[in-house]
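Please examine the sequence and the structure displayed below.

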Amino acid sequence: MKRITTTMAAAAVTATALSVIDPAAALAGGVLRLDEVAVGELDPGKASDYADSILMFNVYDTLVLPKQGGPGHVSHLAESWESEGNSYTFKLRSDVKFQSGNPMTAEDVVFSLDRMKALGAGLSYLFAGVENAEALDEHTVRFNLKQPYAPFVASLVRLPIVDKKTVMANLGDGDGEMKDWGQAYLSANGAGTGAYKVTAHNPQEETVMEKNAGYFLGVADAAPDTVRLRYGLEAATVRTLIAQGEHDISSQWLPPEVIKALAAGGAQLLTESGTGAFYVKMNTTKAPMDDVHCRLAFSLAFDYEAAVKMIAVTDDISQGSAATGAIPVGMFGANSPDQILKRDLDAAKAHLAECKYKPEDFTLELSWIAEVPLEERFALLMQANFAELGVKSEIKKLPWALFAEQVSKPENTPHISQLFVNAVTGDPDTLLYGQYHSTTAGTWQSPEYLNDAEVDQYLEAGRTAADDAGRQAAYAALNKRLMEIAASVYGYDRQSVFAASNRVKVPAMSDPSKAFGLDGMGFSFRLMEMTE
Amino acid sequence: MSPVVRLLTKRLGTSLIVLVGVSMLIFAIARVIPGDPARIALGPNATPEQVENLRLALHLDRNIAVQYGYFIADLARGDLGVSLYTNRPVTTDIAQFLPATLELIIVAGIMMIGIGLPLGIVSARYRGRAADNLVRLVSLLGVSAPSFVWAVILMLLFAFFLPLFPIAGRISDSYTIAPVTGFLLVDTLVAGNFRAFSNAAWHIVLPAFALALSGIGQAARLTRANMVETYDKPFIEMARSYGFADRRIANRFAFRPSLIPSLTIIGLDFAAMLGNAFLVEAVFAWPGLSRYGVAVILRKDLNAIVGTVLIISATFLIMNIIVDLLIAFINPRIRYSQRPA
């Protein structure tokens, strides 16, 4: 017994000693540590999730960038661009080098597009309407589109430029001349011009990046020297790590109460908004949702104020703001922020009275995605809201995989589905076309099965308008129409909230005039500042 | 053929049959759970054409028997396919994640034996006294709460309130150790970096202890129960009458016959830790195979599910064989039973 006690005491003493000499405690000030949901896909041709986007925006560059603080785009790897008919010609900067030291040329741009289209993965569908790209000279490239597509420039924020020479020197096994298009290599290594180089990558554990000293725009001294992007940390672990000063920025997926606790402990809250919204989708092919009056009744009965309260993190910051319509504030066609949607039970009852179906004749199926527990709370909210109209409903939990399969057939699609939808390029086309155009019905984004000629017309006009004024007009009309026919309940405009230590400043996620309006781009490490 | 070789051959043969059965079962189960793997793998933004192309590439358009044929043909070449979750060969993923989990459960297993058995001996030797009651209480606590509860409690106590241990990962960021075996405790020694070794050792203490606690409790309780029974046997009385010291009686005469049931349970616990490690790995951000296994199941990553289950099954079977051999080594009656009639 005495020996055991002695051993335990010795272990405790050693523990204390070793914890004091732990080098992690004296971590260098220039290291930024953040986390995201696994996995981190490093191949830019396959990037689609949030972690992938963070990697892409830092290891690679694009021809244009979203303008900070407002709509529009500015040149980045391109010096300038012009469009004529269905062609867009970009003049490239001549001072850009890849991390390998190879100069960036028009050939690399053509290769990047060809590779993206050949892989057919990630967000490659954005370039389905591009016929081809051609290098006119070393620093001029032209994209030829199959048909007019106004959001094309916006799509280019998702075309990272890859070092052709490096990829060609590292082709893996595969058929044809291009073999695997460098997939094996690019899944483990970077080949971009970006401000950060990958030094280690494990898609489930961590990606380590370091400043690229040769970055064509230079990287400020205050920007993090090293970035450690960790994957798949549990909420309890992140909370402990941040509280102990061993982590700097959380993912947006922490439960609100954990973010709140961290904020109460002194953490700052960073936000990213303007690219997506929470939609309650109504299957317009099924009774009673095939009657517009019933849909309007449910839209008006939804308690928008309670929904926003449910996602509040602190008194000032919430994971969303009140919706003003089908399009989030800040995008083309959005209503002004003061036109928020409100519950109107009397109007709802009036519409229900005009609906050809009577409440006693149907029971609504309210589904929620099993992987998003928050949706269960919204399902309960709706059940209570609709009960006030005398409507019966049953709540149904659906795993994502099953949901995605069910919505492929209108008869299997629930009356109500809940979805968070984002514009992957920041442009309303990528937010709305997939949701509401009649040709895209039956995907996870479009369980409404909407078939409305007017909506289709405005969506096409938004794609083909010659200028921003034309696009604004088209999307404003679309917004109005979507409200009139109540294809969905437009729950709230989404805002991502991240808890962060005070040793890092992130202007793009704390100052609206510096915000990019594109998911993940706020994590441009070169624009961050380490204060310790 | 010696009895031990005969036993080993027999066990290897049955293990192979079990592995083939497991592969068929998991191959079928992975394909009947709801959800289209191609759709899940490509994410919500993929077009129907992209999904269809991937379905063709995975042979999902063929019947399940043909798909299994493709799988076996690939397996014969050591190819488990590409993970749709990490976009890497499944063998690469397993080679990367398995050592982390094995290292964790080996250390947990050592704790289970190194702490559980002595606690059982102490408890039996001081039967009915304070030490016995204390050990029984601690054992009960260990057995009654699952590993992940202990993981969170230990993290809160010894990493958050009393910051003695690290919270996450296998080693501090400041160390870069070239992988040789994938076992950091070994690789740090191979690199001759003893500070890194102690750092890695310090990182493994809490997760391994959380994982081992239930086994420690079980080993202590079982050892105690068996030893208490053994203490009533006549040969113990005889040892006492010969004047052997209490410690010698406990360690030499009472413990050895009591070890066999404990060893069987420890062996099973050891293998079961592969599955239980998931939540402990999640809490301590331990980049191991259990966490990978759950992630691939949730994403219906067919190749990775089958690969991971096969590896875990193989490890389970190997552990069972080792335990059988150990028991045969300890208990001569088992060795003799393998002799030809």
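**From one residue to the chain contact**

Leaving aside residues up to four places away in sequence, A:Gly426 is in contact with A:Pro66, A:Ala154, A:Val157, A:Thr275, A:Gly517 and A:Leu518. The model is a predicted one. A:Gly426 is placed in the loop that lies between β15 (416–422) and α14 (428–436) of chain A. Is this residue buried or exposed? A residue is classed as buried when 20 or more other C-beta atoms lie within 10 Å of its own; A:Gly426 has 26 C-beta neighbours inside 10 Å and therefore counts as buried.

Strands of a sheet pair through backbone hydrogen bonds, in either a parallel or an antiparallel manner. Strand β9 (residues 206–211) of chain A and β10(A) take the antiparallel sense, pairing over 5 bridges. Within this part of the sheet, A:Glu206 has A:Arg230 in β10(A) as its bridge partner.

In chain B, attention turns to a pair of helices. The angle between axes and the distance between them are the terms in which two packed helices are described. Helix α1 (residues 3–32) of chain B packs against helix α13 (residues 302–330) of chain B at an angle of about 160°, and their axes are 9 Å apart. Angles over 145 degrees count as roughly antiparallel, which is why α1(B) is described as roughly antiparallel to α13(B). The crossing of α1(B) and α13(B) is right-handed. The contact of these two helices comprises 19 nonpolar, 3 polar and 3 charged residues.

The two chains themselves meet in a contact that takes 44 residues from chain A and 43 residues from chain B. On the side of chain A that touches chain B, at least two residues each are supplied by α1 (2–21), β10 (226–231), α7 (235–243) and α13 (400–406) of chain A. The largest share, 5 residues, comes from α7(A). By class, this side of chain A has 22 nonpolar, 11 polar and 11 charged residues.

Methods
Residues are numbered from 1 along each chain as its sequence is written. Chains are lettered from A and ligands numbered from 1 in the order in which they are written. This is a predicted model: local features need pLDDT of at least 70, side-chain atom pairs count only at pLDDT 80 or more; totals for chains, interfaces and linings use all residues. Two residues are in contact if their C-beta atoms, placed from the backbone, lie within 7 Å. Helices (H or I, at least four residues) and strands (E, at least two) are DSSP runs, numbered from the N terminus. Ala, Val, Leu, Ile, Met, Phe, Trp, Tyr, Cys and Pro count as nonpolar, Asp, Glu, Lys and Arg as charged, and the others, Gly among them, as polar. Axes are lines fitted to C-alpha atoms, for helices over the stretch in contact, and angles run from 0 to 180 degrees between N-to-C directions. Angles under 35 degrees count as roughly parallel, over 145 as roughly antiparallel, 65 to 115 as roughly perpendicular and the rest as oblique. A crossing is left-handed if the near helix is turned anticlockwise from the far one by less than a right angle, and right-handed if clockwise. Two strands pair if DSSP finds at least two bridges between them. A residue is buried if 20 or more other C-beta atoms lie within 10 Å of its own, exposed if 12 or fewer, and partly exposed in between; C-beta atoms are placed from the backbone.
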